[in-house]
Amino acid sequence: MSNTTTPTLKIHCENLSKTFIQKGNQQVPVIRDITLDVYENEFLVVLGPGQSGKSTLLKIIAGLELPDKGYVTLDGVPVCEPGPDRGIVFQSYMLFAWKTVRDNVELGLKLRNIPIEERHSVADHYIKMVGLQGFENHYPHQLSGGMKQRVGIARAYANAPNVMLLDEPFGQLDAQTRLYMQVETARIWEQEKRTVLFVTNNIDEALFLADRIVLMEGKLPGTIKTEYVIDLPRPREHTSMDLLKLRGEIIDNTELIL
């Protein structure tokens, strides 16, 4: 991380391993012996090709999967199940088609019995933050892919999580919209300063967003190959010479080409 103060540990993963059982009782080791620390307000990117175990790692931190070995702690407390302290955004939009933008963003608040006036206030704040002011009463079918993903980000932030977990959230977007969403994600992180763990297979995306990149091996079971500290000022430009130099180093060290 770029500041000079001692960072506060937020998430600790200790020797995580996970094996899935497929048809015929075939065992598929997905991750093995992963130890990882994530610090408060850090933007950490887990970078790796498909089938490298990075999404499974995120799901274990989210509490959606349990490891076969090892453990995860958040603020020193063991993670055993999902919780409101972790907001999750997936690659698929996962919006309710029959609910408006505001209703989708308010969903978690409603489930927690937050009074309607407060729900509207919180939802409006985050709808504005993601640039969807004026679309509060639109339905998902009336939105573009990038707009739908912004609704998902607003919904996750509205629940005031300590940690944001994003699993290849821009993978379904066209190239231009993906670049725009990277800029928006960096802006929102600068504004809100949450701990972010972001999974991607895109080197340029990782370099643009990350304080630190954890590079996964390109095969199963997934392990951490190395890491890169991206101690560069923000806002960044995809074409900066510093980023392009780091890009070359990562390409030389991985199967990824984008």
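Predicted model: local features only at pLDDT ≥ 70, side-chain atom pairs only at ≥ 80, totals over all residues.
User: How much space lies in the largest pocket?
Analyst: About 580 Å³. A pocket here is an open set of points on a 1 Å grid over the protein atoms alone, where a 1.4 Å probe fits, with protein on both sides within 12 Å along at least five of seven lines. The volume is the space filled by probe spheres set on the points, which are joined across faces, edges and corners.

User: Which residues lie nearest its centre?
Analyst: Arg86, Gly87, Ile88, Arg155 and Asn159, out of 24 lining residues. A lining residue has an atom within 4 Å of a point.

User: Which elements supply the lining of the largest pocket?
Analyst: Strand E6 (86–89), helix H2 (101–111) and helix H4 (145–158) each give at least two residues. Helices (H or I, at least four residues) and strands (E, at least two) are DSSP runs, numbered from the N terminus.

User: How do the residues of that lining divide?
Analyst: Into 14 nonpolar, seven polar and three charged. Nonpolar covers Ala, Val, Leu, Ile, Met, Phe, Trp, Tyr, Cys and Pro; charged covers Asp, Glu, Lys and Arg; the others, Gly among them, are polar.

User: And what volume has the second largest pocket?
Analyst: About 230 Å³. Its lining has 16 residues, with Val30, Gln51, Gly53, Ser55 and Thr56 nearest the centre. The largest share, four residues, is from H1.

User: Is H1 mostly covered or exposed?
Analyst: Mostly covered, with seven of nine residues buried. Buried means under 20% relative accessible area, exposed over 50%, partly exposed in between (1.4 Å probe, protein chains only). Among the buried ones are Lys54, Leu57 and Ile60. Glycine 63 follows H1, with a positive phi near 85 degrees.

User: Switching to rings. How many aromatic pairs are there in the whole structure?
Analyst: Five. One is phenylalanine 170 with phenylalanine 198: tilted, 5.8 Å centre to centre, 55 degrees between the planes. Rings of Phe, Tyr and Trp (its six-membered ring) pair if their centres lie within 6.5 Å; planes under 30 degrees apart are stacked, over 60 edge-to-face, the rest tilted.

User: What does that pair tie together?
Analyst: Phenylalanine 170 is in the loop between strand E7 (163–167) and helix H5 (175–192), and phenylalanine 198 is in strand E8 (residues 195–200), so the pair links parts 28 residues apart in sequence. Phenylalanine 170 is buried at 0% relative accessibility, and phenylalanine 198 is buried at 0% too.

User: Which residues form the aromatic cluster?
Analyst: Phe43, Phe170, Trp189 and Phe198. The charged end of lysine 193 sits over the tryptophan 189 ring, 3.6 Å from its centre. That calls for NZ of Lys or CZ of Arg within 6 Å of the ring centre and within 35 degrees of the ring normal.

User: Where are the cis peptide bonds?
Analyst: One joins leucine 220 and proline 221, omega about -5 degrees. Another joins arginine 234 and proline 235, with omega about -5 degrees.

User: Is glutamate 168 buried or exposed?
Analyst: Buried, at 16% relative accessibility. Its phi is positive, near 45 degrees.

Technical notes:
Residues numbered from 1 in each chain as written. Heavy atoms only, no water.
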